[in-house]
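Here are a few notes to read alongside the model. Take them one at a time, with the structure open.

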Amino acid sequence: MAKLIETVDNAATAKEVRDFLKSEAIRILFISQFDVYQADPEQLNRVPMTGKSSTYDVVGYANSLIEALMSLDMLKRVLIWHKYILKETHGAISCDTHLSSRRSQEIMQEGLIEFAIAFRDTYDFTVTLQS
């Protein structure tokens with residue numbers, strides 16, 4: 001009997017994370033009242049729990065998101081923050097970081113995979129290939 005071996009499809013996993021960051025992450029942060037525009041991506045702080053049961057789950061989810069971002073090295077975190085949370089263009093990011101657009105995209109791609117691993121306990125974005 002053949003045994004199935006699962007390997008992670010990094011490109012598809014990164015796409016899942018990218019889609020989440022583009023559409024859901026900003027909503028989660030806004031609902032939890034995290035000020036994305038005043039935040040310093042080099043040092044993100046957790047959202048304080050207010051005790052209101054209606055926002056408790058969202059705040060917990062936002063804090064999981066922040067913790068996963070904080071697990072990335074600073075350059076990856078800053079690039080991902082500017083691209084997916086602040087919605088900056090690759091050109092603007094390249095200008096700010098003095099990296100080529102291609103190099104910043106490569107670094108972000110690595111960061112997206114690392115984010116998926118760090119966020120796994122909250123939500124598993126991993127896409128696997130079976131062979």
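1. Start with Lys 76 and Glu 110, whose side chains form a salt bridge at 3.6 Å, N to O. The term means a side-chain nitrogen of Lys or Arg within 4 Å of a carboxyl oxygen of Asp or Glu. Lys 76 sits in helix 3 (residues 74-85) and Glu 110 in helix 5 (residues 101-118), so this pair ties together parts 34 residues apart in sequence. Helices here are DSSP runs (H or I, at least four residues), and strands are too (E, at least two), numbered from the N terminus.

2. A quick word on the source: this is a predicted model, where local features need pLDDT of at least 70 and side-chain atom pairs count only at pLDDT 80 or more, while totals for chains, interfaces and linings use all residues. Residues are numbered from 1 along each chain as its sequence is written, and side-chain values use heavy atoms, leaving out hydrogens and water.

3. Is Lys 76 buried or exposed? Lys 76 is buried, at 9% relative accessible area, whereas Glu 110 is partly exposed at 38%. Buried is under 20%, exposed over 50%, and partly exposed in between (1.4 Å probe, protein chains only).

4. Lys 76 also forms a salt bridge with Glu 114, with the closest N and O atoms 2.6 Å apart. Glu 114 is in helix 5 and Lys 76 in helix 3, so that pair links parts 38 residues apart in sequence.

5. Now look within helix 5: Glu 106 and Arg 102 are four residues apart there, about one helical turn. Their side chains meet in a salt bridge (3.7 Å, N to O).
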